[in-house]
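Hi,

Here is the structure I promised to pass on. My notes follow below it, and I hope they are handy when you open the model.

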Amino acid sequence: MSILVFAESIDGVFKKSTFEAVSYGSEVAKKTSATCVAVSIGNVDDSKLAELANYGADKIISIKGDKVANFVAEAYAKAIANVATAEGSTIIVISNTYSGKSVSPRVAAKLNAGIASGVISYPDTTAGFNVRRAVFSGKAFADVDVKTAVKVLAITPNTFDLVTNNKPANVVAADGGLSDADFVTQTIEVLRVTGKIPLTEAEIVVSGGRGLKGPENWGLIEDLAGILGAATACSKPVSDMDWRPHSEHVGQTGITIKPNLYIAVGISGAIQHLAGVSSSKVIVAINKDPEAPFFKAADYGIVGDAFDVMPKIIEAAKKLKG
């Protein structure tokens, strides 16, 4: 029996969420007396593939080629399902990223498997197979029993600690059983934001709202983010007014994040915004309105004008960082 982990890569590089998934799969393998197998689809160098062993992969299956260079949900799902069948995998672990959300239900359908998405716990196997998942945009939790023989778990990024192992890399090449017919969808062009910490993987996020009064004042957000090694984000009205790119919009209709620290500057805290950030471990709200809804959700609150408060925080952060 094996636990199969989809090792997602972008441009030949694994992200933190991939290592989290492999660590998770390795821990589940230990609990169930199974082996942890990672499957990489895309043109990843063998030296990079070997990194997966450091996070617990007993075996690494690599599917390379020009056709799989770019993500194609249908083809990737078929390859994962084929590898799962060949390896006798009863549990498939996939990070619940944008790509993972496209792949996981397709894999489940191909394997007649039960699926739990947004998983935030390790399985409880004392009486069946139970996992906890976040529901209602993180406002509640549901304990789900997965009763099928094969199970697909889509785990929430930034939830599980990385666990390193000193295992030798066992890399095996495969084709995934793919043919030309599996590539009906063609990728014409890929445009990605570069030079920034991805919001979905950031441990610290500094976010701004309309309280900053204009894009010319965004230096306050960027300065603090630079000192803390954080990603920058914004509220929906800010991106709608083109003060900031839509790739920075966090909230119910934007990106959902789960950093260790979320600092909201000049954001009132509408329910739509809170839906995308409420899973943050620590929330700090800075707003001059003492009745701002964000203060009810925040762990720490500062009532004050951002233009008075932020320079002091930036100066304190500089001293903290030496």
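Five strands form an open sheet in the order E13-E12-E14-E15-E16, with parallel pairing (strands are DSSP runs of E with at least two residues, helices runs of H or I with at least four, both numbered from the N terminus; two strands pair if DSSP finds at least two bridges between them). At the edges are strand E13 (231-234) and strand E16 (300-303), each pairing on one side only. From one strand to the next the twist averages 15°.

This is a predicted model, in which local features need pLDDT of at least 70 and side-chain atom pairs count only at pLDDT 80 or more, while totals for chains, interfaces and linings use all residues. Residues are numbered from 1 along each chain as its sequence is written, and side-chain values use heavy atoms, with hydrogens and water left out.

Back to the sheet: E14 (residues 261-265) and E15 (residues 282-287) pair in the parallel sense over five bridges, and Tyr 262 has Ile 283 in E15 as its bridge partner. Helix H10 (residues 306-320) packs on the sheet, touching E14, E15 and E16, with its direction at about 135° to that of E15 (axes are lines fitted to C-alpha atoms, for helices over the stretch in contact, and angles run from 0 to 180 degrees between N-to-C directions).

Finally, the charged pairs. The whole structure has 13 salt bridges (a side-chain nitrogen of Lys or Arg within 4 Å of a carboxyl oxygen of Asp or Glu). Asp 58 and Lys 167 form one of them, their closest N and O atoms 2.7 Å apart; the two residues are 109 residues apart in the chain. Asp 58 is partly exposed at 31% relative accessibility, and Lys 167 is partly exposed at 25%.

Best wishes

Notes: Contact = heavy atoms within 4.5 Å. Buried < 20%, exposed > 50% of the residue type's maximum accessible area, 1.4 Å probe, protein only.
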